[in-house]
Amino acid sequence: MYKYLYSLLFCLTIMSFCACSSDEEPGKSGVNTITSFRLQAALNSQSIKQDYQATIDGTNILICIPTLTDFKDLVVTFSVGGGTVTVNGVQQVSGVTKNDFTNPLTYVVTADNGEKRSYTVDICNTHLPVVYINTSDGKAITSKEVWKGNTTIKIIEPDGTVNLFTETASIRGRGNTTWSYPKKPYAIKLSEKQSVLGMAKHKRWVLLANWMDRTLIRNHVAFEVSRRTSMAWTPNGKFVEVVLNGHHDGNYYLCEQIRVDKNRVNINEMKKEDTTGDAITGGYLMELDVNYDEVNKFKSPLFDLPYQFKSPDEDELNDQQKQYMYDYVNKLETLLKDETEFAKSSYMDLVDITSFIDFWLIQEVVGNGEANHPKSCYMHKDKNKVLTAGPVWDFDYGTYRSTTSATFRANKGIYYGQMFKDPKFVAKVKERWAVLYPKFKTIPEYIDAESKKLILSDQINIKMWPITKAVNLDEEFTYEEAIQSMKDCFNKKLKYTDEKIKAM
């Protein structure tokens, strides 16, 4: 481990001052420029099982290999615009010369006129799975609407095991605000249901970029908080390195997408003919989001909430089903607004009150304000069942911040502002808090354990994708400082919430 950390820190520190002795900028002249750098399996059969293309960033060259444990006697192939290449004064022959990459090496390219350019080369292993994605045209993914078909996806685990291989996947961009960020998130659609990195079989997956999250684990930790509650299902995810069309794009969170399925949101999958009786009562998967960008949607009649149908999808949903869900929401809101019915807590007959309380508590303890808009807030209603909150989603923005102690009960969207006026609801909140508080207290230990797995990956990722948008108040921190701040903020918010709920 020491070797890897030293190697990465050395390489990434040197990025700030490593420069060629020539006054020319890298890439301006072809005569002393390294244009490609590879590690090929045919030349290193004892060490690797496939070829690896390096990422060349100015005068820094990086190859991330999850399976590599022996860094000695490696043979690389490279191309230069012209001149000679040396390492420690020894001339290098592409595809022939062996080197020890236990520590970063400096490759010096000398042109015929004597001008020199130095490159820092690091070959490392972050001990994370690597997802290799190659689009059929070899070009970037530029659309959220158009799928790129016949995409090859290969996932290799740290021990060298091929976890997944397909040449028939599809990929496209995803996200609302996050799609506008430099580091792009993606949606993946496999041609058939498959298990990925130990997660349950499904076709649909997402790659979350977590660009604005200095800790990389805000979503991951919030999902763990959710798993400690009554939420019926919470997305699972694994941290990976992504290599897209031969270019290393850094750390991503390969995650289950929210879909109706027996392995995910396990509710009845409706058909067009489900228009009467019990059949029309569910299941429905709804997203409340002010972006309001789905095909099928409605604004709720009394609270003006943006309900969007995620399932049934636009090919299955019919007018009767849409009207049923509208009428159900209308009835719920009427009971919340009617003084006589509200005094009797009649609205509780139409919702799974435990899920609503737990959903609120999850948002509260991590300091998530998304329910205020609302954004990325999901509900579902199964056949012959009541409206249920969840699953949870989207925690990379504004969570675990030092200011979150001021947000107690700020999440007044999605009916909570009204529900908290009901003494019976408050009593149930207190009951649930007594059950969940002990489970939440060990989350800082979970943060410690999970963050340690990402130290090496972060050293690379933050250099590739510096955070230029101040949102979470830890953008300028080191990784260790950001993790400590996350734990401190969580503990502070937990204590604050405990005090407030007990005083209600």
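I counted a salt bridge when a side-chain nitrogen of Lys or Arg lies within 4 Å of a carboxyl oxygen of Asp or Glu. The model is predicted, so I kept local features only at pLDDT of at least 70 and side-chain atom pairs only at pLDDT 80 or more, while totals for chains, interfaces and linings use all residues. Residues are numbered from 1 along each chain as its sequence is written, and side-chain values use heavy atoms, with hydrogens and water left out.

**Salt bridges**

How many salt bridges does a search of the whole structure find? I got 17.

I looked at aspartate 137 and lysine 148. Their closest N and O atoms are 2.7 Å apart. The pair links distant parts of the chain, 11 residues apart. Aspartate 137 sits in the loop between strand E11 (130-134) and strand E12 (148-156), and lysine 148 is in strand E12. Helices (H or I, at least four residues) and strands (E, at least two) are DSSP runs, numbered from the N terminus.

I then checked burial. Buried means under 20% relative accessible area, exposed over 50%, and partly exposed in between, with a 1.4 Å probe and protein chains only. Aspartate 137 is partly exposed at 41%. Lysine 148 is buried at 17%.

Next I took arginine 214 and aspartate 458, whose side chains meet in a salt bridge at 2.6 Å, N to O. Arginine 214 lies in the loop between strand E15 (199-208) and helix H2 (218-227), and aspartate 458 in helix H9 (residues 455-464), so the pair ties together parts 244 residues apart in sequence. Both arginine 214 and aspartate 458 are buried.

Glutamate 364 bridges to lysine 493, with the closest N and O atoms 3.2 Å apart. Glutamate 364 is in helix H5 (residues 353-366) and lysine 493 in helix H10 (residues 479-503), so this pair ties together parts 129 residues apart in sequence. Glutamate 364 is buried at 1% relative accessibility. Lysine 493 is buried, with a relative accessible area of 1%.

I also noted a network: salt bridges that share partners join Asp213, Arg218 and Asp474.

**Helix packing**

I turned to helix H7 (residues 423-440), which packs on H10 at an angle of about 155°, with the axes 11 Å apart. H7 is therefore roughly antiparallel to H10, a term I used for angles over 145 degrees.

Which residues of H7 meet H10? I listed Val429, Lys430, Trp433, Tyr437 and Phe440. Their partners in H10 include Phe490, Leu494 and Ile501. Contact means heavy atoms within 4.5 Å.

Conventions
Axes fitted to C-alpha atoms, helices over the stretch in contact; angles between N-to-C directions. Parallel < 35°, antiparallel > 145°, perpendicular 65-115°, else oblique.
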